[in-house]
Amino acid sequence: MAVWIQAQQLQGEALHQMQALYGQHFPIEVRHYLAQWIESQLWDSVELDNPAEEAKAKRLLDNLVAELQKKALHQVGEDGFLLKIKLGHCANQLKTTYDRCPLELVRCIKHILQSEQRLVQEATDVSGGSGSAMDSLSQRHQQINQAFEELRLATQETENELRKLQHSQEYFIIQYQENLRMQGQLSSLSTLPAAERTAREVALQSKRATMEAWLTREASTLQKYRLDLAEQHQKTLNILRKQQTVILDEELIQWKRRQQVSGNGGPAEGGLDVLQSWCEKLAELVWQNRQQIRRCEHLTQQLPLPGPMEELLSKLNSDITDIISALVTSTFIIEKQPPQVLKTQTKFAATVRLLVGGKLNVHMNPPQVKAVIVSEQQAKALLKNESTRNESSGEILNNNCVMEYHQATGTLSAHFRSMQLKRIKRSDRRGAESVTEEKFTVLFESQFSVGGNELVFHVKTLSLPVVVIVHGSQDNNATATVLWDNAFAEPGRVPFMVPDKVLWPQLCEALDMKYKAEMHSARGLSEDNLIFLAQKAFNSTSNNNEDYNTMTMSWAQFNRESLPGRSFTFWQWFDGVVELMKKHLKPHWNDGAILGFVNKQQAQDMLMSKPNGTFLLRFSDSEIGGITIAWVAENPNKAGERLVWNLLPYTTKDFSIRSLADRISDLNHLIFLYPDRPKDEVFSKYYTPPLSKAVDGYVKPQIKQVVPEFTNPEPAGNLTYMDQAASPSVGHPNNFTQIYPPMSDTMLDADGDFDLDDTMDVARHVEELLRRPMANQWSGQQS
């Protein structure tokens, strides 16, 4: 209900946009009186493109109707009587509208909730400042609405003038016919006696002369009316062009840009309802003006008069046809993009929509949409209107879909639910370019007619760039290509050009956006985090953020060349961190328990000033997707000496066996999370509950983490790495020292961390941990 409470506080254009979300398809009264119930339902759990989810959507519809009916029954009093009738009507209306298509109800409510959240967030973002962003948005929308009012008045005025012209012309034709009749009468006077003929002839000649003088003047007036009307139409078309430029080349392009940035985790692009309403108004006005111009042509053909009208009307007709053609072709858009990292032999979905389809009655003869995948070169040729000989760069299964009209929402769209890329044909790669740098696009095309086959349109639209992979191991590098393209693509670019290098602050913005999106958190990358990343990216030691503001990072530095002394790129390291965090450590990041972006020396400097047992969590410098625990403690081999220890980094494989919280709980020598928070205060809510007692005579085994050197009161007799390093690394807490002998120096990398490639596989490690002690424990009983 929190969102609805905030939505009711919206003002100005934001309030109008919120109100525009509702209508007969979903009455605002339902949202108001069932706000708490609506916001508590799991709408996002329903996969709209999966027909199997229809049963779940039907339950939600039935529950919504039941809640409405229940709410109606509880209304009492005079005011309650009317509300009872209204809510009951709403319940029946929703049942009738969505009973056969419950997924459309879910789609509608999800769209409403997302739009409300976006409007509330936008209002919140500017509430702390001057509000200039909201003012600018409101002013821009107000200007668009004012232009529509101006167009409506101009179109109404030309309609009135056209009717006057038509009436004047009809009267002119009647008088012209009367003149012809008088001419016939004059011709027939020859049969009359001379005296009578002379008298009648004089009268008819006088009347005819008057009529011809009037016809001459009226013909000139009609010609002037026609020219004036053509001039008015020209002015209206100029305003229409300007308004269409604002909506298609500014508002729609901005929406598409927001859609692309949302692929990197940016805010949702926002609904299309407002854009569709604008495009429909444009379509309606353009069509009205086109019909008026055609009526003018008909009047001109009906009564040809000397002058330039035929050429003027021909140009107006051509201009208005160009306008409507641009409107139709530009509003054929991709509402839901296909995945930008596209794996072969894997199902994927997409949705295309024609924003003016309902207004132009395209759904009366539903068009079919076809999807094909094309290369970057083919996309360039398409935009230049060069023939590609209908070639594609692969084969997509289930790539045909008929557009459906949804009466409740007034949308005409095609939902591709089960496409699959069966094969891909790659082009010759350039230089160091890998397969994960090659970009393709999905081309959607259709053909339909409007105005009773009066105009036929062949429409095409290209998806955002996609990178095709055949194995999950390519996902990391493919994501880098997509992130760079989404972040730095320029509007109107040649497919799919992106800058080779960008300013470091620009890249920081993209990384921060991606990180927050993956963590589902408002806690992004702090200034200290970004300094850490800059030091890693540029192999620098500077702690001053301003030193990096003018530095640029190239694509090669980002994900083609390995970091100094490493076997992986900057992006591969960063993406490894993101994968580890979102799979296993997201709650701890959102709790502020993980510092993460801290190097070994910084960790040592931070911990040495703290009491023994203080620890922190930092990402491994030397391993992709690794996190280590660093803590300060006494050197067990040298009394009075304090050292900072670093545990061998954990990876996703480790946390799939035992969670971070449980591992920290196992280690009694870890007492305070940096700077001074008791560890149980931070992590206890994530501890696994104790195992239940034995059932049916079986005892459940339990994995526990042990660091032998910090478990035994005396250090092992053999010399360990802890005896030899100022800031040592401690191996994963294995079993006991007699099972796993101490590691030698040769297994440590340049940073003093263990190299997983040279250590025992974690799964086998745990298997041994479980198997051997239990074998010893039960062997005596079994014998």
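I started with the second largest pocket and looked up which element lines it most: α9 does, with twelve residues. Helices (H or I, at least four residues) and strands (E, at least two) are DSSP runs numbered from the N terminus. This is a predicted model, where local features need pLDDT of at least 70 and side-chain atom pairs pLDDT 80 or more, while totals for chains, interfaces and linings use all residues. Residues are numbered from 1 along each chain as its sequence is written, and side-chain values use heavy atoms, without hydrogens and water.

I noted 38 lining residues for this pocket, with Ile 253, Lys 256, Leu 383, Thr 461 and Leu 462 nearest its centre. Other elements giving two or more residues to the lining include α11 (309-330) and β10 (455-462).

I then turned to the cores, meaning sets of buried (under 20% relative accessible area, 1.4 Å probe, protein chains only) Ala, Val, Leu, Ile, Met, Phe, Trp, Tyr and Cys residues joined through side-chain atoms within 4.5 Å. The largest has 79 residues, and Ile 247 and Val 328 are among those with the most contacts inside it. Helix α9 (residues 194-262) supplies the largest share of this core, 14 residues. I found a second, separate core of 59 residues, including Phe 568 and Leu 647.

Last, I checked His 32, which sits in helix α3 (residues 28-33). The C-alpha atoms of His 32 and Gln 8 are 9.6 Å apart.

How values were computed. Buried means under 20% relative accessible area, exposed over 50%, partly exposed in between (1.4 Å probe, protein chains only). On a 1 Å grid over the protein atoms alone, a cavity is a set of points where a 1.4 Å probe fits but cannot get out, and a pocket is an open set with protein on both sides within 12 Å along at least five of seven lines; lining residues have an atom within 4 Å of a point.
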